[in-house]
Amino acid sequence: MSSEPFKNVCLLPQTNQLTGLYTIIRDKNTVRSDFVFYSDRIIRLLVEEGLNHLPVIPKTVATHTGEDFSGVGFKGKICGVSIVRAGESMEQGLRDCCRSVRIGKILIQRDEETAIPKLFYEKLPDDISERYVFLLDPMLATGGSAIIATDVLIKRGVKPERIFFLNLICCKEGIDNYHRAHPDVKIVTGCIDKGLNEQKYLVPGLGDFGDRYYCI
């Protein structure tokens, strides 16, 4: 795990609680039900942190005591966009924090002959250009899929500074690759791993997140 600072990257506070959660989901012996439960806890923390970075406007409300309270209200609408399929695991965490939030989906798969990520499908809210977007994908390894997904959002009119890429685990190589393409997008992550192995898997990593969340 790295604590090295990166520009435009928000790393969750590395508390004992968070380290304990990651210890559970990294363990190859963790059963699926526990993997889902503790992954969901981390996802909720990521969503809460993402919400902390949204702009607000002053808002005053009347309380039951007859006093006014000077607080804030969120400025603008948000939506989530998951990179199918692993990113769909993060949708419920967003719904738990934001009632009736709109969700879009982007499907990117590697070409079997070239191994290059390719866009296969997109379904996004019609007014996505007017929203703040939480891009959802649990792992940022090489960054190829995330770069394509962000390209799609920008082509649909979303400003890069309105995109927040939420992931559970990333690495320096993935951050560098992603920010070379999209330097103005903020990454919100829970852990920065030491790197990639020869197969381009995050290490120490946790295996295939989608398989462990949905299948095993």
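The structure is a predicted model, in which local features need pLDDT of at least 70 and side-chain atom pairs count only at pLDDT 80 or more, while totals for chains, interfaces and linings use all residues. Residues are numbered from 1 along each chain as its sequence is written, and side-chain values use heavy atoms, with hydrogens and water left out.

**Overall form**

The protein has six helices and twelve strands. Helices (H or I, at least four residues) and strands (E, at least two) are DSSP runs, numbered from the N terminus. The C-alpha atoms fill a box of roughly 65 × 40 × 35 Å along the principal axes.

Of the 216 residues, 45% count as buried. Buried means under 20% relative accessible area, exposed over 50%, and partly exposed in between (1.4 Å probe, protein chains only). Among contacts (heavy atoms within 4.5 Å) between residues at least 6 apart in sequence, 64% join residues at least 24 apart.

**Helix 2**

Helix 2 (residues 32-52) has 21 residues and spans 30 Å from its first C-alpha to its last, close to the expected 30 Å. That expected span is 1.5 Å times one less than the number of residues. Its buried residues include Phe 35, Val 36, Ser 39, Ile 42, Ile 43 and Leu 46. An α-helix has 3.6 residues a turn, so residues three or four places apart point the same way.

Strand 9 (residues 163-171) is mostly covered, with nine of its nine residues buried. The table lists its pairings; two strands pair if DSSP finds at least two bridges between them.

| Partner of strand 9 | Sense | Bridges |
|---|---|---|
| Strand 7 (residues 131-136) | parallel | four |
| Strand 8 (residues 139-140) | parallel | two |
| Strand 10 (residues 186-193) | parallel | seven |

Within these pairings, Val 133 has Ile 163 of strand 9 as its bridge partner, Leu 140 stands opposite Cys 170, and Phe 165 stands opposite Ile 187 in strand 10. From strand 9 the chain passes through helix 5 (residues 172-181) to strand 10 in a right-handed β-α-β crossover. Strand 8, helix 4 (residues 144-155) and strand 9 also make a right-handed β-α-β unit. Right-handed here means that, with the strands pointing away from the viewer, the path from the first strand over the helix to the second runs clockwise.

**A hairpin**

Strand 2 (residues 56-62) and strand 3 run antiparallel and are joined by seven bridges. Five residues lie between the strands of this hairpin, where Gly 66 takes a positive phi near 90°. Asp 68, in strand 3 (residues 68-74), is the bridge partner of Ala 62. Asp 68 counts as exposed because its relative accessibility is 57%.

**Backbone exceptions**

Most residues other than glycine have a negative phi, and most peptide bonds are trans. Ser 100, however, has a positive phi near 55°; Ser 100 lies in the loop between helix 3 and strand 5 (102-110). Lys 200 has a positive phi of about 65° and is partly exposed, with a relative accessible area of 44%. Cis peptide bonds join Val 84 to Arg 85, with omega about 5°, and Val 203 to Pro 204, with omega about 5°.
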